Amino acid sequence: MVYLVEGRHVLAVFALADVIRPESREAVVLLQQQGVRVAMLTGNADEVARWVASELGIDEYFAQVLPEHKSEQVKEFQRRGAQAAMVGDGVNDAPALAQADVGIAIGAGTDVARASAGIVLVKNDPRDVAHIIELSKASYRKMVQNLVWAVGYNVIALPLAAGVLAPLNIVLPPAIGALLMSLSTVVVALNAQTLRGLQLRKEVERQQ
């Protein structure tokens, strides 16, 4: 806050804020399109925080938050049952980054912030926060797919290898069993490799 004073009279009050990067707006929209609830914690004055939140489309913000209170606010989110991810770049953000379920530091931030976080955004692009979530969900889907395949495969292959169909003169030779086991490993590996073709959304979905 900047005050214009003449004598003992305050003539004007100016609320100053950093210029909002276009990438920040897109990052918020991408997260909201994924169903992520976005909140802002800042040490700035309420007027500035309210303006930034309105510009970014953030419904919930907390202004004039002291450094030691940022981690407490993250704990409050967690007490509500939320999985909290914290994005920060400064020394003051380090405790909150460590407290969060997922701490995400901006690569150009301080060493303390990067050391406290579990993920560092090397490109300093806030849109990568949404990309992290998208990639994580895709990786989890692949894990489930591979688990289902492995369980289903072994449910069939193990009884055959044990000779369950031997009374019907159907016996699985050891060499064939070894080949099928190798094939299972190849299928799982190839399924995991399909993540390389994942196309992360670079732009927000425009509302018609």
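## Nonpolar cores

A nonpolar core is a set of buried Ala, Val, Leu, Ile, Met, Phe, Trp, Tyr and Cys residues joined through side-chain atoms within 4.5 Å; buried here means under 20% relative accessible area, exposed over 50% and partly exposed in between, with a 1.4 Å probe and protein chains only. The structure is a predicted model, in which local features need pLDDT of at least 70 and side-chain atom pairs count only at pLDDT 80 or more, while totals for chains, interfaces and linings use all residues. Residues are numbered from 1 along each chain as its sequence is written, and side-chain values use heavy atoms, leaving out hydrogens and water.

The largest nonpolar core has 18 residues, and Met40, Val52, Leu56, Ile58 and Leu121 touch the most other members. Two or more residues come from each of H1, H2, strand E6 (102-106) and helix H6 (127-161); helices (H or I, at least four residues) and strands (E, at least two) are DSSP runs numbered from the N terminus. H2 gives the largest share of this core, five residues. Apart from this core lies another, of 13 residues, among them Val74, Leu97, Ala100 and Ala113. As a general background, nonpolar side chains in soluble globular proteins tend to be buried together.

Leaving aside residues up to four places away in sequence, Met40 touches Ala49, Val52, Ala53, Ile58, Glu60, Tyr61 and Phe62, where contact means heavy atoms within 4.5 Å.

## Aromatic pairs

Rings of Phe, Tyr and Trp (its six-membered ring) pair if their centres lie within 6.5 Å; planes under 30 degrees apart count as stacked, over 60 as edge-to-face and the rest as tilted. By this rule there are two aromatic pairs. One of them joins Phe62 and Phe77 edge-to-face, at 5.9 Å centre to centre and with 70° between the planes. This pair links distant parts of the chain, with Phe62 in strand E4 (residues 60-62) and Phe77 in helix H3 (residues 67-79), 15 residues apart. Both Phe62 and Phe77 are buried.

Gln34 sits in the loop between helix H1 (22-33) and strand E3 (39-41). Gln34 counts as buried because its relative accessibility is 17%. Its side chain reaches the backbone oxygen of Ala130 at 3.2 Å.

Glu47 belongs to helix H2 (residues 46-56), and counts as partly exposed because its relative accessibility is 42%. Not counting residues up to four places away in sequence, Glu47 touches Met1 and Ala15. From Val74, Glu47 is 27 residues apart in sequence and 22 Å apart in space, C-alpha to C-alpha.

Definitions and conventions
Polar contact = N/O pair within 3.5 Å; in protein donor to acceptor, adjacent residues only side chain to side chain.
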